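This briefing goes through a structure by topic. Please keep the sequence and the coordinates at hand while reading.

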Amino acid sequence: MLRDVMNIWRKELMDTVRDRKGMTQAIVIPLVIGIFYASFTPMLMKAMTARREKPLTIPAQGIAYADARLLDTFGRYGITLEEYEGDLEAVIQDAKRESGLVFEPGFTEDVSEERPATARLLTNSTAGGIFGGGFSDTRLQLAVGAYNQMVVAERMAAREVDPAILVPVALNAEDLATPEQRGAFFASFYLSILVAVTVAQGGLFVAIDVTAGEKERGTLESLLVTPASDIAVFLGKLGAVFTISVIPLVLTLTAYWAVSNVMPPNMAGDSGLPGFMLTASLLTGMPLALVVSVAQMMISVRARTFRDAQSGATPLIFAVMIPGFVAAFSQAKALWSCLIPVYGPFAAMGRMAQAGGLQWDAMGLSAAGSLIAAAMVLPVAMKMFTRETLLYRS
Amino acid sequence: MIQVRDLVKHYGEVRAVDGVSFHCPDGHITGLLGPNGAGKTTTLRMICGLIRPMQGTVIVDGHEVGQNPAAVRRALGVQTDSSGTYPRLTPREHFKYFGGFYGLSGSELDARVQAVIDMLGMGEFADRRTQGFSRGQRQKVILGRALVHDPKNVIMDEPTSGLDVMAVRETRDVIRMLRDRGHCVLFTTHYMDEAARLCDRVAIIIRGRIAAVGSPAELMEMTGCSSLEDAFVALAGGAQGLLVSEYANADGNVNGGRNAGGRAR
Ligand SMILES: Nc1ncnc2c1ncn2[C@@H]1O[C@H](COP(=O)(O)OP(=O)(O)OP(=O)(O)O)[C@@H](O)[C@H]1O
Ligand SMILES: [Mg+2]
């Protein structure tokens, strides 16, 4: 029995490894995806940060009316005003510029004589496209806030009042997340998606090839006239599917981990994948891959042709990817939720990311959930895998 | 030694096999003849345990297929009627893979594989992947993987169909050689001259029933014909005529669809 299983497993692996198309799917694509995720995410973050710190030039009218100290303050926040000749309102309306400032005559006098002074900020939230646009007034508000505080402090001092009375509550925010937590948290979002995508697709090609494919090629009958039992044939093929589906999982995650860790820290930022998350996602992902392999076998066994099996497997792909995406986007996972088949491994990954370390209870539960699911599906799949139904089911 | 007793297999309305009995002694070549759709392939599939018969028994070297299918399969070498090969494996790898299921391994397996390659004259293409093989080359791969474990009983479904003259001769030589070595050979064919020349015994199956069993000479004598082909046509035609009334539907038309075209897989 075991010999037959091994014989089939070995042959199916050899057969798959020789299939260039199948191997590309199993090795090259996962590597590319892993490297892409690892390098793309920090680049995106970098770009966002850079934008936040980039010097800001705002077209303005009536700069001469503005208080010199206000312009100084703007300067400290990286904001430069540039006198604009022409119809400022019209260019902003036409989305040619994102924003503009207008000072009215008497602005400086209003400030110094303690009258409310106003400036108009014009913006067009649709200017500059989805990624390039969306003028953020945060920096401007900060600069104005700082200026206001300075002026208020002076006015209070002139009246001999302590400016502190104006600040009854001071909120001192401290982020207690460790760098490991930050890295893992960020990565767990991508990991759930990565694991979901690789597991859902990983062994599918092989599952179809060793069942429906063998039917289509007309080789299945020859295999089934050998003394190998139905169970041995099923397990040998399942073993090959599982093995091949684990390869892309390992490759994707390792590539992600390696690339995100060899990158210089100033480039990788907080997105480097900590080593424990690599272990965590492999240990939770492999039992998941087993469940998915069994389900893939079940679906492809029923199919008569490759094409049949491919369309039959589409719902399965979603059944794996959707829980993965849900987990990626949802917060705080309860320990018991790790037991839910398919969702559990992703929940466990999320928990460990948040905790900043391996959690054996979460991993144990998610593995148990996967194994229970596999144990439930396996007999059904094997029942379908009998010589007569396999060959001549019409 | 293969003994078939009272086998029955129906597909809905279609009585694919309807009470077939015959036996194939060791050291003999038995031919199973019959028109398209007569039930030959279905009978062979029941013998090797691919299909469970609704009734009847198959005994191969003392093992009953329903009770001990693995023992029956171990005693059999089967060349199926579907002629597929694994395109990314070489014939040698095919033989090793299949030999592995019969407890062969290591140098013993290698020696058997080489023996089959030599026997079938496959030296030239034994180590080429079967992708793109000609029909004859593929047929040899299929035959070889049925023989790799040197089975006592050999079953072949239309082993010579679609082959050129040379390949047909080679295949017939292999069949004869197996007989001479004391194997039990059961095969199907549509070529009556082939059956007449090769077979020690012939079983004629028509519409799922055995119409006659005997040596080619006995069948000719029985029907008073001078060739096996004429004897076959006499037996088949007679039965066909008989069945027209039996299978005719209310309109008086023969319900031909179910038997036309033969192998529904
Ligand atoms: N899986 C199946 N489902 C339904 N009908 C089937 C099935 N297999 C065989 N049959 C029917 O059983 C009958 C016998 O088929 P079988 O393949 O045994 O014929 P055969 O003698 O081998 O014919 P041929 O000479 O064409 O190979 C045919 O009418 C066939 O259509
Ligand atoms: Mg047939």
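Helices are DSSP runs of H or I with at least four residues, numbered from the N terminus. By that numbering, A:Tyr190 sits in helix α8 (residues 179–201) of chain A. The model is a predicted one.

**Chain A overall**

- Chain A contains 18 helices and four strands.
- It has 394 residues, of which 46% count as buried.
- Of the contacts in chain A between residues at least 6 apart in sequence, 75% join residues at least 24 apart.
- The accessible surface of chain A is about 19400 Å², and carbon and sulfur atoms account for 64% of that surface.

- A:Tyr190 counts as buried because its relative accessibility, 15%, is under 20%.
- The C-alpha atoms of A:Tyr190 and A:Tyr37 are 7.7 Å apart, although 153 residues separate the two along the chain.
- A:Val28 belongs to helix α2 (residues 20–53) of chain A, and with a relative accessible area of 43% this residue is partly exposed.
- A:Val28 is one of the residues in a nonpolar surface patch of about 450 Å², together with A:Ile27, A:Ile29, A:Leu31, A:Val32 and A:Ile35.

**The sheet of chain B**

- Six strands of chain B form an open sheet with mixed pairing, in the order β6-β7-β8-β3-β9-β10.
- The edges are β6 (76–79) and β10 (209–214) of chain B, each of which pairs on one side only.
- Neighbouring strands of this sheet are turned against each other by 15 degrees on average, with direction ignored.
- β6(B) pairs with strand β7 (residues 153–157) of chain B in the parallel sense, over four bridges. Within β7(B), B:Met156 is the bridge partner of B:Gln79.
- Helix α1 (residues 40–47) of chain B packs on the sheet, where it touches β3 (29–33), β6, β7, β8 (184–188) and β9 (201–206) of chain B. The direction of this helix makes about 150 degrees with that of β7(B).
- Helix α8 (residues 216–223) of chain B lies across β9 and β10 of chain B, at about 110 degrees to β10(B).

**Salt bridges**

- Over all chains, the structure holds 29 salt bridges.
- A:Lys96 forms a salt bridge with A:Asp94, with 3.7 Å between the closest N and O atoms. A:Lys96 is exposed, at a relative accessible area of 61%.
- A:Glu114 and A:Arg155 form a salt bridge with closest N and O atoms 3.8 Å apart. This pair links distant parts of the chain, 41 residues apart: A:Glu114 is in the loop between α5 (107–112) and β4 (119–123) of chain A, and A:Arg155 is in helix α7 (residues 138–158) of chain A.
- A:Glu114 is partly exposed at 39% relative accessibility, and A:Arg155 is partly exposed with a relative accessible area of 25%.
- In chain B, B:Arg197 forms a salt bridge with B:Asp193, the closest N and O atoms being 3.5 Å apart. Both residues lie in helix α7 (residues 192–198) of chain B, four residues apart, or about one turn of the helix.
- B:Arg197 counts as exposed at 54% relative accessibility, whereas B:Asp193, at 42%, counts as partly exposed.
- A network of salt bridges links A:Lys11, A:Glu12, A:Asp15, A:Asp19, A:Asp209, A:Glu214, A:Arg217, A:Lys237 and B:Arg88.

Definitions and conventions. Residues are numbered from 1 along each chain as its sequence is written. Chains are lettered from A and ligands numbered from 1 in the order in which they are written. This is a predicted model: local features need pLDDT of at least 70, side-chain atom pairs count only at pLDDT 80 or more; totals for chains, interfaces and linings use all residues. Side-chain values use heavy atoms; hydrogens and water are left out. Two strands pair if DSSP finds at least two bridges between them. Helices (H or I, at least four residues) and strands (E, at least two) are DSSP runs, numbered from the N terminus. Axes are lines fitted to C-alpha atoms, for helices over the stretch in contact, and angles run from 0 to 180 degrees between N-to-C directions. Contact means heavy atoms within 4.5 Å. Patches are made of residues with over 30% relative accessible area and no salt bridge: like charges are joined within 9 Å, nonpolar side chains (Val, Leu, Ile, Met, Phe, Trp, Tyr) within 5 Å. Accessible areas come from the Shrake-Rupley method with a 1.4 Å probe; for residues, only the protein chains shown count as cover. A salt bridge is a side-chain nitrogen of Lys or Arg within 4 Å of a carboxyl oxygen of Asp or Glu. Buried means under 20% relative accessible area, exposed over 50%, partly exposed in between (1.4 Å probe, protein chains only).
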